[in-house]
Amino acid sequence: MLLLFETPAGFALFKVLDEGKLSKVEDLGKEFASPDSARKVVKLKAFSKFENTAEALSAATLLIDSKPSKGLRKFLRSHCDGDILAVADSKLGNTIKEKLQIECVHNNSVMELMRGVRSQLTELILGLAAQDMAPMSLGLSHSLSRYKLKFSPDKVDTMIIQAISLLDDLDKELNTYAMRVREWYGWHFPELAKIVLDNILYAKSVKLMGYRSNAAKLDFSEILPEEVETELKEAAVISMGTEVSDLDLENIKDLCNQVLSLSEYRAQLYDYLKSRMNTIAPNVTALVGELVGARLIAHGGSLLNLAKQPGSTVQILGAEKALFRALKTKHATPKYGLIYHASLIGQAAPKHKGKISRSLAAKAALAIRCDALGDGEDNTMGLENRVKLEARLRSLEGKELSRSAGSIKGKPKIEFYDKDKKKGSGGMITPAKTYNPAADSILALTESLSKGDKEEAEPEVVEEERKKKKKKKRTQPEDALPGAVEAEPAKKEKKKKRKHTEEADEDGCDSSEKKKKKKRKHAETEDGGDDTSAKKKDKKKKSED
């Protein structure tokens with residue numbers, strides 16, 4: 001068995017002389033109590049020395065990622081011939097096994113063996129003194145720290161995060177100082193607060209004017225517009241404010257100087273943040289702007305962490321409190337977070353803000369990944385996506401039906417609704433038939449039945465038919481005569497509707513004719529059992545009628 005040991009000077013390969021002692025892990029530390037006993041357990045077989053600090057640094061950085069360097073691979077191929085290799089890192093052992101086909105071992109006994117070799121390293125490797133090891137390890141650790149800091153993927157993001165945090169703090173402080181100036185100077189000249197609304201212009205005016213009595217003699221043309229200047233001078237003459245001392249006025253002017261200096265520094269910091277954002281995240285800046293992009297990066301922790309988030313997370317980033325409250329109370333979740341302050345969402349109507357924020361978050365997620373992991377440093381992707389989003393916004397608002405998001409559909413045809421038109425073909429169908437209540441009548445069926453059939457029928461049906469006939473008789477006028485009824489226009493309707501016997505009964509037949517029909521039916525039913533030919537004749541007469 002061979003043991004691979006890494007030192008600041010190079011790689012050492014030790015030969016394990018007595019492998020039986022590895023089974024007793026508890027007693028293995030005692031074997032390295034002295035240099036002589038340690039030489040009985042392991043023996044130096046080969047040593048690969050680093051030529052310079054750069055080679056040592058590259059080998060150390062690869063070992064941190066569990067990858068063997070080129071020199072280490074060459075060293076192991078030349079000295080490991082079918083032997084088992086003991087390593088301190090299991091991942092490194094797997095890599096060596098895959099690439100070099102060398103069997104590797106990593107367990108507790110190997111780690112205890114490493115501790116013993118480290119304790120007697122200067123005695124086991126001849127020519128490596130302790131006073132030389134300390135500066136070599138210190139120099140390698142410093143070089144490794146500088147290398148990791150130099151090539152850290154998060155190093156550029158820290159500048160943006162600090163700048164946007166300071167910018168937000170400056171805005172808060174600036175507003176606080178400006179409100180204090182307005183409140184303090186308002187005791188002397190309260191009308192000035194309504195005339196000059198901008199905080200910076202207010203501070204400049206107070207610094208230039210001092211006492212309100214000096215307003216008429218001064219020229220404010222460099223600070224204020226002409227109409228505001230005239231209004232200020234008129235208000236200073238009739239002001240209701242109290243008088244202040246010189247000491248109070250000096251303190252007010254000092255506070256005005258602080259406000260002006262903070263505003264200048266804020267403008268300078270904004271320019272710095274703008275340049276850094278255009279350099280580090282140009283596509284995100286083109287889509288959502290410098291401030292919103294910087295706040296997204298600061299909220300995500302770094303540009304690389306933000307690139308790992310999906311578009312749905314980018315959309316509600318900054319509204320976590322509202323999201324969890326909505327989930328807890330089972331209400332609607334928020335549609336936007338920090339991305340709400342982007343200019344594209346500000347241009348949209350209130351009913352379209354949710355759709356535009358979703359589309360903008362999806363495009364912003366792609367732009368963030370392009371900036372974090374891509375090689376290009378231009379903002380072409382961000383500008384193209386912004387044009388697509390603006391076209392989608394116009395199509396949503398109805399201003400222009402443009403081809404957005406790769407759709408080929410043009411303006412749809414607007415057709416008027418026609419209930420009689422088929423969906424598939426252009427032909428017309430016939431209108432729906434009206435409901436015929438006469439079809440529900442059962443009088444024709446009952447008349448065609450014989451008397452024997454009526455006796456077999458349920459008595460309830462017969463009673464209902466009798467009631468209907470009585471009602472019809474009551475509805476007829478008493479003065480109407482059979483001849484008069486036939487003479488009326490109802491006779492024409494009777495001829496048209498004779499096919500339906502129930503309609504003929506409704507038109508009102510004479511009571512004498514009804515009695516004759518009943519007598520005929522009785523006679524037919526009496527003779528029906530003996531002579532069936534009479535029934536046939538009666539049916540023929542009815543069909544002719």
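Arg394 is part of helix α20, which covers residues 380–397; helices (H or I, at least four residues) and strands (E, at least two) are DSSP runs, numbered from the N terminus. With a relative accessible area of 32%, Arg394 is partly exposed, a class between buried (under 20%) and exposed (over 50%), computed with a 1.4 Å probe on protein chains only. The C-alpha atom of Arg394 is separated by 8.9 Å from that of Ala348, 46 residues apart along the chain.

The model is predicted, and local features need pLDDT of at least 70, side-chain atom pairs count only at pLDDT 80 or more, and totals for chains, interfaces and linings use all residues. Residues are numbered from 1 along each chain as its sequence is written, and side-chain values use heavy atoms, with hydrogens and water left out.

The structure holds 2 aromatic pairs, where rings of Phe, Tyr and Trp (its six-membered ring) pair if their centres lie within 6.5 Å, and planes under 30 degrees apart count as stacked, over 60 as edge-to-face and the rest as tilted.

| Pair | Centre to centre | Angle of planes | Class |
|---|---|---|---|
| Phe11 and Phe50 | 5.4 Å | 80° | edge-to-face |
| Tyr336 and Tyr340 | 4.8 Å | 40° | tilted |

Because Phe11 lies in strand β2 (residues 10–16) and Phe50 in the loop between β3 (42–49) and α2 (53–64), their pair ties together parts that are 39 residues apart in sequence. Phe11 and Phe50 are both buried, whereas Tyr336 is partly exposed at 27% relative accessibility and Tyr340 is partly exposed at 34%.
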